[in-house]
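Please consider the following structure with care.

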Amino acid sequence: MMGSNEWYKRMAFYQIWIRSFFDGNGDGIGDLYGVYEKLPYVKSLGVDGIWFSPLYPSPNADFGYDISDYYNIHPDYGNMEQFRKVLDKAHELGLKVMMDLVVNHTSDEHPWFVESRKGKDNPYSDYYIWRDKPNNWDSILEGKAWEYDETRQQYYLHIFARKQPDLNMDNPRVREEVKRIMRFWLDLGVDGFREDVINFISKKEGLPDGLPFIPVINGMPHYKDGPHIHEYMAEFRKVCKEYDCIQIGEGPMTDLKSAMRYLTGDEKSLDMMFSFDHMMADCIYTEYIHRPFDLVKLKKAFSKWQKALNNKGWNALYLENHDHPRIISRYGDGRYFSIRRQVPKYWKESGKMLAVSYIFQQGTPFIYQGQEIGMTNIKLSSIDDYVDVSSKNNFHTYHLKESLERRLRRIHISSRDSARTPVQWSDSRNAGFSDSTPWFFVNGNYHTINVEAEEKDPESILNFYRKCLDLRKKSKTLVYGEYREYFPRDRHIYMYSRSLGEVSYLIICSFSRHKIRVRFPKEMKGMKKKMVLCNYPAGKEVRGNGWFRPYEARVYKMADK
Ligand code: GLC
Ligand code: CA
């Protein structure tokens with residue numbers, strides 16, 4: 001069953017958002033010198049590859065996702081030579097390297113756009129989407145989706161920020177550019193791409209108005225999974241097939257049914273997709289409307305994708321990335337704490353439990369920088385301290401009738417900046433991230449939450465992630481086994497099993513901050529169970545079996561008598 005590129009199934013990946021990873025040259029900004037230094041650390045986690053968020057030159061209107069040159073490295077992060085050094089070293093260590101391919105849009109400072117906006121009759125005129133009259137679409141990051149250009153005297157479309165004009169993928173020359181970019185990096189030796197909002201690249205003809213009254217995503221039905229998407233994806237897939245590489249698509253708001261077309265069958269164009277369903281267990285979409293966390297919703301989302309892709313496709317498993325607030329603050333014990341408390345009471349327990357909740361599902365786990373040490377959301381005291389374009393925009397656009405305090409609290413809960421604070425390496429100045437003042441705020445809890453301290457503590461979140469990845473890697477069942485969920489309506493317990501042939505594992509996670517009683521599945525009565533992993537120190541189990549401590553998580557290996 002293993003096709004040539006199916007190496008990714010056994011693997012786990014680590015995502016690096018470089019600006020906040022580690023500063024190697026002392027200017028306060030994370031860079032490829034820092035990455036080079038920390039590669040052994042990354043390797044030590046037990047991952048097999050890295051996904052780099054964009055490293056390319058960019059004016060940083062959206063921190064790298066607004067690219068002004070696809071064939072180079074941002075001077076803040078190093079240069080091509082340093083990139084090659086990192087790539088070689090990573091390969092030497094047995095780590096694959098995945099680049100971020102951002103082709104729904106470019107920066108408005110990209111030379112293509114600079115030309116395109118000059119007029120209707122130059123070679124780049126049709127590289128972007130220009131109209132005399134805008135439709136009613138909102139953008140996702142910054143106001144309306146159309147911006148008037150004085151020179152060209154037309155509006156251009158930007159589904160994201162104003163400085164991110166959408167490329168016109170219907171233009172075959174644009175698709176050729178995309179393929180050229182892919183080949184360039186593949187020829188250099190990278191092992192695949194994470195494809196940014198790739199489900200948005202084909203827009204419905206005529207760009208019809210979206211639904212009125214629905215903010216932010218009103219145009220989405222007309223650009224998500226659009227009419228030509230699968231033709232375009234097939235073209236890109238062909239390039240990848242010339243190499244032994246993988247493609248992971250980011251698929252915001254794409255439902256399971258549409259996702260199946262990318263992930264399975266003859267038309268398959270992606271090896272995995274980052275779906276968003278399980279990121280909605282506490283919100284409508286992360287940056288806009290917050291709701292209390294709902295475990296049943298989370299489990300439903302998990303199980304839906306697990307069941308549908310079993311034997312047909314493959315899941316990308318994640319809980320964090322650079323677009324979502326920290327998971328302990330959302331789904332763990334952090335959701336109970338106010339601004340004054342820097343480290344939640346059950347920080348460690350819930351941090352480890354969350355690892356168990358997703359790493360043992362069927363799919364390839366992704367860990368986002370800082371997640372492995374249990375970093376939590378930052379709470380800045382003024383909106384002016386935030387740097388993310390959508391956090392600022394949301395603050396000044398929505399919920400304006402509420403008090404300033406409440407509005408700021410919404411930002412504390414939802415901001416993408418929470419995932420973008422410098423990685424906490426040690427207890428020393430600037431959390432050991434840099435010798436000079438970091439480009440962005442360091443979370444004040446770094447005295448407790450940092451790599452150095454957690455390296456020394458055998459019971460740390462960091463060492464627990466290592467144990468999880470190790471256990472998964474050693475078991476075919478935990479990699480390939482079939483997934484089954486138990487007690488889907490239980491509001492505190494998430495329970496699932498993985499089975500392959502004779503071997504089964506039972507995974508139990510308590511999302512409660514109280515001690516609670518857990519029932520075992522009827523089907524497993526009479527089976528012998530051996531606990532192979534627990535997030536509490538060994539030897540201190542509560543006897544009387546069915547009682548779980550706050551946020552307790554256990555993995556059992558099951559066997560017939
Ligand atoms: C993706 C990226 C996000 C970016 C957006 C526009 O969702 O992950 O960071 O803002 O695309 O490129
Ligand atoms: Ca630097």
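**A guided reading of the model**

Aspartate 23 counts as buried because its relative accessibility is 6%; buried means under 20% relative accessible area, exposed over 50%, and partly exposed in between, with a 1.4 Å probe and protein chains only. The model is predicted, so local features need pLDDT of at least 70 and side-chain atom pairs count only at pLDDT 80 or more, while totals for chains, interfaces and linings use all residues, and side-chain values use heavy atoms, with hydrogens and water left out. Residues are numbered from 1 along each chain as its sequence is written, and chains are lettered from A and ligands numbered from 1 in the order in which they are written.

Aspartate 23 is also a ligand of a metal. The calcium ion (ligand 2) is coordinated by Asp23 (OD), Asn25 (OD1), Asp27 (OD), Ile29 (O) and Asp31 (OD), at 2.2 to 2.4 Å. Donors are N, O and S atoms within 2.8 Å of the metal (3.2 Å for Na, K and Ca); water is not among the atoms, so sites may look incomplete. Along the sequence, the donor residues follow the spacing D-x1-N-x1-D-x1-I-x1-D. Aspartate 31 is likewise buried, with a relative accessible area of 0%.

The next topic is the sheet. Eight strands form an open sheet with parallel pairing, in the order S9-S8-S7-S3-S2-S1-S11-S10. Its edge strands, S9 (272-274) and S10 (316-317), each pair on one side only. Helices (H or I, at least four residues) and strands (E, at least two) are DSSP runs, numbered from the N terminus, and two strands pair if DSSP finds at least two bridges between them. Strand S1 (residues 13-16) runs parallel to strand S11 (residues 364-368), and three bridges join them. Tyrosine 14 has isoleucine 367 as its bridge partner in S11.

Among the helices, H13 (residues 461-474) has 14 residues and reaches 20 Å from its first C-alpha to its last, close to the 20 Å expected at 1.5 Å a residue; the expected span is 1.5 Å times one less than the number of residues. Because 10 of the 14 residues of H13 are buried, this helix is largely enclosed by the rest of the structure. The buried residues of H13 include Phe464, Tyr465 and Cys468.

Finally, the domain assignment, which is automatic or from a database, gives domain 1 (7-104 + 173-468), domain 2 (111-157) and domain 3 (480-559). The C-alpha centres of domain 2 and domain 3 lie 54 Å apart.
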